[in-house]
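Here are a few notes to read with the structure open beside you. Take them one at a time, and find each residue as you go.

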Amino acid sequence: MQRIATAAFALGLVLPAPAGAAEVAFPTGWRDWKHVKSMVIEPGHPLYEAFGGIHHIYADPKALEGYRTGSFPDGATIVFDLLEAERANNAVVEGPRKVLGVMRKDRRAFAATGGWGFEGFAAGDPNRRAVGAKAAEACFGCHAGQVASDYVFSRLRE
């Protein structure tokens, strides 16, 4: 089930949130946030099918505090920008955006998923939600194993 949900997230399938459920908003100005790290997932990696491509991680000021202290405060927002990886002239270059993933910390609104809300916006389009009510399966299922780092995989690289 998790692979199906993860694939649905990566492919940008739109899943509506249930009525009254808290939603993660599309972040504005995220390209001006702190760049945390980049990574390329290539064929052969276990997550290639769902997350193959170039990843850039960005953190807002509250998320930076969390990276530095190990505990993310409410309001912290992390963006996972996933782009196609293309090869040109012996280089790996960014292709089209696959998804813009967003994690937002709100312990009360997202208590069932470690205090984090998750959303993916297909092709980076604010009107194309790709996770919706499936955050527990599509996102938190993997993040649950990162409890020691407040459910965050990435580490700040200064």
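1. Let's begin with helix α3, which covers residues 61-69. In this predicted model, four of the residues to look for there are A63, L64, G66 and Y67, and they are buried.

2. The face of α3 pointing away from the buried side carries P61, R68 and T69, which are exposed. What lies over the buried residues? The cover on the buried residues of α3 includes the strands β1, β2 and β3.

3. Have a look at what comes after the helix, too. G70 follows α3, and its phi is positive, near 90 degrees.

4. Next, pick out I54, which sits in strand β2. Is I54 buried or exposed? Its relative accessibility is 7%, and buried means under 20%, so I54 counts as buried.

5. Who are the neighbours of I54? Leaving aside residues up to four places away in sequence, I54 touches M39, V40, D81, L82, L83, E84, A85, V92, V93 and E94.

6. Then find the largest pocket, with a volume of about 600 Å³. Its lining is made up of 26 residues, and H55, I57, F80, H143 and F153 lie nearest the centre. Two or more lining residues come from each of these elements: α1 (2-11), β1 (34-41), β2 (53-59), β3 (77-88), β4 (91-105), β5 (116-122) and α4 (135-143). What kinds of residue line the largest pocket? There are 18 nonpolar, six polar and two charged residues in that lining.

7. Finally, step back to the whole chain. It has four helices and five strands, and along the sequence they follow the pattern α-β-α-β-α-β-β-β-α. Of the 158 residues in the chain, 46% are buried. Among contacts with a separation of 6 or more, 55% are between residues 24 or more positions apart. The accessible surface of the chain comes to about 8500 Å², with 53% of it belonging to carbon and sulfur atoms.

Notes
Residues are numbered from 1 along each chain as its sequence is written. This is a predicted model: local features need pLDDT of at least 70, side-chain atom pairs count only at pLDDT 80 or more; totals for chains, interfaces and linings use all residues. Side-chain values use heavy atoms; hydrogens and water are left out. Buried means under 20% relative accessible area, exposed over 50%, partly exposed in between (1.4 Å probe, protein chains only). Contact means heavy atoms within 4.5 Å. Accessible areas come from the Shrake-Rupley method with a 1.4 Å probe; for residues, only the protein chains shown count as cover. On a 1 Å grid over the protein atoms alone, a cavity is a set of points where a 1.4 Å probe fits but cannot get out, and a pocket is an open set with protein on both sides within 12 Å along at least five of seven lines; lining residues have an atom within 4 Å of a point. Grid points are joined across faces, edges and corners, and a volume is the space filled by probe spheres set on the points. Ala, Val, Leu, Ile, Met, Phe, Trp, Tyr, Cys and Pro count as nonpolar, Asp, Glu, Lys and Arg as charged, and the others, Gly among them, as polar.
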